[in-house]
Structure formats: structure tokens, C-alpha cells
Amino acid sequence: MSISVDNIQSLNDLRQFIHKTLCEKENLLEEQFTMSEMALRRRGRSCGLQFSINGPRSVRLGAIWASDSNMIYFYDARGERYAKVNLPNRVFMADEEAA
């Protein structure tokens, strides 16, 4: 099932969308590359998540979801931002995931 930006309602939908988008950028097979994530905090408060995929040949792709602005920023293997996506539906982080 393909997830579009309009269908993102939960953190799991967000994770699937980011994983698919990052893999498509470098033509990686989704099932062969896992994605890691790290909570981002500002002044002791959760403000988003950072996602990364380590591909072959030291390729590292990343994305940051800023929860306050509900934006996703995508970064290529050179660390340059190549896309900025505004999510139409607010996604909330559960308390245990924000810690």
C-alpha cells in the first residue's frame, strides 16, 4: 500500500512515508534497508524526530520531522536538503515515544 501525504494520520504512517521517500531517492529496496529514528528535544521538550537510512557504499539519507510546524525535511547523501513537505494533517507523538 502506498501512502500519500494526505493519508498520513499516525506516526506509523509518517514512518512508512519517510522510509519509502528516502529509499526512492537513491533507488534502494525498502525491504533491504532499515530506518533508525531518534527523538529531538528543545529546551527539554520533544520537538520532532530524526530519521536515517544507511545504504550501500556509505550512503546515508536522512529526514527530520518538526512536530511544531508539522513539516518533513529530506536530506540526500551529501547532506543537502532536497525536499520539504508540509503535512496537511497534524501528527502527534505519544508520550512514551517523545521521551
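Colleague: Let me start with a cysteine: is Cys23 buried or exposed?

Modeller: Keeping in mind that this is a predicted model, Cys23 has a relative accessibility of 1%, and because the cut-off for buried is under 20%, Cys23 counts as buried.

Colleague: And Cys47, buried or exposed?

Modeller: Cys47 comes out at 10% relative accessibility, so Cys47 counts as buried.

Colleague: How many disulfides are there, then?

Modeller: The count comes to zero disulfides, taking a disulfide to be a pair of cysteine sulfur atoms within 2.5 Å.

Colleague: Back to Cys23 for a moment, what else is buried in helix α1?

Modeller: The buried residues of α1 include Cys23 itself along with Leu11, Leu14, Phe17, Ile18 and Leu22, and among them are also Asp13, Arg15, His19 and Thr21.

Colleague: What span should that helix have, and how far apart are its ends?

Modeller: Helix α1 covers residues 11-25, and at 1.5 Å a residue its 15 residues should span 21 Å, which agrees with the 21 Å that separates its end C-alpha atoms.

Colleague: What happens just after α1?

Modeller: Asn27 follows just after the helix with a positive phi of about 55°, and Asn27 sits in the loop between α1 and β1, the latter being residues 35-42. As background, most residues other than glycine have a negative phi. Asn27 has a relative accessibility of 70%, so Asn27 counts as exposed.

Colleague: Changing topic to the strands, how do β2 and β3 run, and how many bridges join them?

Modeller: Strand β2 (residues 45-54) and β3 run antiparallel, with seven bridges joining them; within this pairing, Ile53 stands opposite Leu61 in β3. The two strands form a hairpin that has five residues between them, and Arg57 in the turn has a positive phi of about 55°.

Colleague: What about β3 itself, how many of its residues are buried?

Modeller: In strand β3, residues 60-66, five of the seven residues are buried, so the strand is largely enclosed by the rest of the structure. On to the next pairing: β3 and strand β4 (residues 71-75) run antiparallel and are joined by five bridges, with Trp65 partnered by Ile72 and Ala66 partnered by Met71. Their hairpin has four residues between the strands, and Asn70 there takes a positive phi near 60°.

Colleague: How many residues of β4 are buried?

Modeller: Four of the five residues of β4 are buried, so β4 is largely enclosed by the rest of the structure.

Colleague: Last one, how does β4 run relative to β5, and what is in the hairpin?

Modeller: Strand β5 (residues 81-86) runs antiparallel to β4, and five bridges join the two, while Tyr75 stands opposite Arg81 in β5. The hairpin of β4 and β5 has five residues between the strands, and Gly79 takes a positive phi near 85° in it.

How values were computed. Residues numbered from 1 in each chain as written. Predicted model: local features only at pLDDT ≥ 70, side-chain atom pairs only at ≥ 80, totals over all residues. Heavy atoms only, no water. Buried < 20%, exposed > 50% of the residue type's maximum accessible area, 1.4 Å probe, protein only. Pairing = 2+ DSSP bridges. Expected span 1.5 Å × (residues − 1).
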